[in-house]
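Notebook, ligand sites. I wanted to look up where the ligands sit and what surrounds them.

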Amino acid sequence: MAISSTKVIPSTSAIPEHVAIIMDGNGRWASQRFLPRTAGHAKGVQSVRSAVETCGNAGVRYLTLFAFSSENWRRPADEVSLLMRLFVQALEREVSRLQDQGVRLRVVGDLSPFEPKLQELILQAQDSTSQNDALHLTIAANYGGRWDILQATRRMLVAHPELAAHPDQLDEQQLSSYLSMSWAPEPDLFIRTGGEQRISNFLIWQLAYTELFFTECYWPDFGSAELHQAFEWYSTRERRFGRTSAQVHGLAKT
Ligand code: IPE
Ligand code: IPE
Ligand code: MG
């Protein structure tokens with residue numbers, strides 16, 4: 001029998017321990033108001049602030065936000081550079097607020113194409129918040145789920161070259177320990193704003209058993225009340241991880 005990394009069933013509670021969000025709909029939010037798409041991205045920063053605060057207050061331990069996908073380089077150059085500027089600005093302005101809130105910041109993704117100043121700010125922000133533990137905030141930037149699985153496989157083979165000759169010794173647990181968010185539990189709740197119902201190459205490995213919540217609400221309009229609605233929906237889900245409902249409720253043999 002194949003050993004599944006979901007064999008160990010995580011304990012679940014009413015409030016998700018790990019929330020992962022695809023922050024989508026900034027461009028449409030702006031177009032609706034006859035504003036440039038970039039105005040939607042600027043407004044979206046406020047929703048990031050609100051999500052961090054709401055999650056912190058609600059007792060969420062891990063919040064992961066998709067800020068820029070490995071496919072977003074395909075966008076017009078001026079939109080990409082505005083997004084990079086906003087990222088730099090957010091790191092310059094928001095880190096002290098994160099400190100006050102006890103938030104530990106990490107950035108995951110292939111950071112090598114970013115300009116040196118942005119890379120430096122990311123390292124500084126990660127370093128200066130590394131002792132915080134109230135909320136673990138992860139920003140996925142130039143991130144792709146397929147990239148993540150590939151980089152994990154490469155790093156694992158470098159560390160364990162013997163696996164190439166004995167692939168049967170490899171299990172899910174070992175490979176997943178090389179994924180870029182190996183230190184976090186898998187997301188309990190996934191939220192995508194903006195109406196699309198797809199994963200868009202986000203945490204494809206880690207979302208295997210995540211509850212998926214899709215909302216039409218555009219990201220700049222997604223505030224604390226909307227986030228609480230998602231928590232409310234999550235609390236009504238029955239997470240079976242392959243078991244029957246009776247087993248989940250302890251009414252049948254385990
Ligand atoms: C999400 O909003 C932000 C990023 C992808 C960086 P979009 O910019 O994708 O907004 P829509 O989907 O075009 O409305
Ligand atoms: C996904 O949104 C990426 C981020 C929110 C950063 P996109 O708007 O780029 O996704 P697609 O292209 O519509 O799938
Ligand atoms: Mg979009």
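Entry 1, the pocket. I looked up the site of ligand 2 and found that it sits in the largest pocket. Sitting in a pocket means that more than half of the molecule's atoms lie within 2 Å of its grid points. A pocket is an open set of points on a 1 Å grid over the protein atoms alone, where a 1.4 Å probe fits, with protein on both sides within 12 Å along at least five of seven lines; lining residues have an atom within 4 Å of a point.

I noted the ground rules here. This is a predicted model, in which local features need pLDDT of at least 70 and side-chain atom pairs count only at pLDDT 80 or more, while totals for chains, interfaces and linings use all residues. Residues are numbered from 1 along each chain as its sequence is written, chains are lettered from A and ligands numbered from 1 in the order in which they are written, and side-chain values use heavy atoms, with hydrogens and water left out.

I read a volume of about 1000 Å³ for the largest pocket, a volume being the space filled by probe spheres set on grid points joined across faces, edges and corners. The lining has 42 residues, and Met-23, Asn-26, Phe-66, Ala-67 and Phe-68 are the closest to the centre of the pocket. Helix α3 supplies the largest share of this lining, ten residues. Helices (H or I, at least four residues) and strands (E, at least two) are DSSP runs, numbered from the N terminus. By class, I have 22 nonpolar, nine polar and eleven charged lining residues. In this scheme Ala, Val, Leu, Ile, Met, Phe, Trp, Tyr, Cys and Pro are nonpolar, Asp, Glu, Lys and Arg are charged, and the others, Gly among them, are polar.

I listed the residues around ligand 2 (a heavy atom within 4 Å), among them Ile-22, Phe-66, Ser-69, Arg-75, Arg-198 and Ser-200. Strand β2, residues 62-69, gives the largest share of this shell, four residues. The shell divides into five nonpolar, three polar and four charged residues. I then checked polar contacts, which are pairs of N or O atoms within 3.5 Å. An oxygen atom of ligand 2 lies 2.9 Å from a side-chain N or O atom of Asn-72. For Asp-24, a polar side-chain atom is 3.1 Å from an oxygen atom of ligand 2, and for Arg-192 the distance from a side-chain N or O atom to a ligand oxygen is 3.2 Å. The protein buries 77% of the 390 Å² that ligand 2 exposes alone, by the Shrake-Rupley method with a 1.4 Å probe.

I counted 13 residues around ligand 1, with Asp-24, Gly-27, Arg-28, Arg-37 and Arg-75 the closest. Helix α1 gives the most to this shell, three residues. The shell holds three nonpolar, five polar and five charged residues. A polar side-chain atom of Arg-28 is 2.7 Å from an oxygen atom of ligand 1, and a backbone N or O atom of Gly-27 is 2.9 Å from a ligand oxygen. The protein covers 87% of the 380 Å² of accessible area that ligand 1 has on its own.

Key: A polar contact is a pair of N or O atoms within 3.5 Å; within protein, one must be able to donate a hydrogen and the other to accept it, and residues adjacent in sequence count only if both atoms are side-chain atoms.
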